[in-house]
Each structure stands twice: as structure tokens, then as C-alpha cells.
Amino acid sequence: MPSAYPGLDRTAIIDFGDDGPFGPFAAELSFDSADHTVTFVVTRGSMLGKTETLPFSADEITDGIWLATWQEADLLTVVQVQDFNSGRVMSAVTTADQQFVQLNGSITLV
């Protein structure tokens with residue numbers, strides 16, 4: 001039987017540091033099991049304060065490592081490998097203007 005996504009009904013703090021393609025960037029992701037949505041709030045960087053609630057998908061790759069995906073209203077698409085064993089997150093993003101960027105950082109459940 002597949003494991004339940006560890007982020008459900010919790011908040012994940014992600015931090016991509018100061019030197020990524022978006023400059024400084026950090027966010028809080030809250031995953032709701034009732035309607036299977038993620039609410040994100042950008043907490044640092046040029047997009048500070050951006051927030052949105054939208055559907056997400058999460059699939060277990062192996063024990064403690066998950067693939068999470070969502071698409072934002074502006075068509076920015078996010079694909080993340082979230083490794084809860086090591087506290088690392090790798091993100092591939094296609095921006096609304098069709099730029100492809102990759103980010104690596106940390107993820108912590110609170």
C-alpha cells in the first residue's frame with residue numbers, strides 16, 4: 001500500500017538560497033488533504049507576498065522521496081523532487097513566459 005504524502009495537513013518551508021535564477025527565494029507550502037490543494041506564500045525574494053491556492057499531485061518515488069507537481073494560474077509549472085530523508089528539494093520550473101529554470105534547496109516540514 002502506498003504511503004501517505006508526508007506534507008498533507010502540514011506546512012513545508014522551502015529555501016532556494018540567495019543565488020538561484022530568481023535571486024533570493026523562499027516560500028511556505030501548506031498541503032490540504034481535504035481538497036488536495038497546496039497554498040504557497042513566497043516569504044523572501046522578488047516575488048515576496050505572492051500567494052495562491054491550487055490543486056497539486058504528489059507521488060512517492062521511494063521511501064521518503066516524493067514527486068510533487070502543480071500549475072499556477074499564470075501557467076508557471078512546478079515539478080519538485082522532495083527528499084524528506086535529507087531535507088533537500090530539487091525544482092524544475094517552466095515560467096509563464098516559457099523559460100525553463102532549475103533550483104536546488106532545502107525543505108523542512110513544520
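Select Gln-98 to begin: this residue is exposed, with a relative accessible area of 58% (exposed means over 50%, buried under 20%, partly exposed in between, using a 1.4 Å probe and protein chains only). You'll find Gln-98 in the loop between β8 and β9; strands here are DSSP runs of E, at least two residues long, numbered from the N terminus. Check the backbone while you're there: phi of Gln-98 is positive, about 70°, although the residue is not a glycine. Most residues other than glycine have a negative phi.

Before moving on, some ground rules. This is a predicted model, where local features need pLDDT of at least 70 and side-chain atom pairs count only at pLDDT 80 or more, while totals for chains, interfaces and linings use all residues. Residues are numbered from 1 along each chain as its sequence is written, and side-chain values use heavy atoms, with hydrogens and water left out.

Next, jump to His-36, in the loop between β2 and β3. His-36 also has a positive phi, near 50°, and is not a glycine either. His-36 is partly exposed, at 36% relative accessible area.

Now switch to cartoon view. Nine strands form an open sheet, in the order β4-β3-β2-β1-β9-β8-β7-β6-β5, with antiparallel pairing (two strands pair if DSSP finds at least two bridges between them). β4 (51-55) and β5 (57-62) stand at the edges with a single partner strand each, so one side of each has no neighbour in the sheet. Arg-10 has Phe-31 in β2 as its bridge partner.

Time to go inside. Which residues have the most contacts inside the largest nonpolar core? Select Ile-14, Leu-29, Phe-31, Val-38, Phe-56 and Trp-70, out of 25 residues in that core. A nonpolar core is a set of buried Ala, Val, Leu, Ile, Met, Phe, Trp, Tyr and Cys residues joined through side-chain atoms within 4.5 Å. Centre on Val-38: leaving aside neighbours within four places in sequence, its contacts (heavy atoms within 4.5 Å) include Leu-29, Phe-31, Phe-56 and Trp-70.

Last stop: Gln-82, in strand β7 (residues 77-83). Is Gln-82 buried or exposed? Buried, with a relative accessible area of 0%. Show side chains and you'll see a polar contact of 2.5 Å between Gln-82 and Tyr-5; the term covers N or O atom pairs within 3.5 Å, where, within protein, one must be able to donate a hydrogen and the other to accept it, and residues adjacent in sequence count only if both atoms are side-chain atoms.

Notes
Helices (H or I, at least four residues) and strands (E, at least two) are DSSP runs, numbered from the N terminus.
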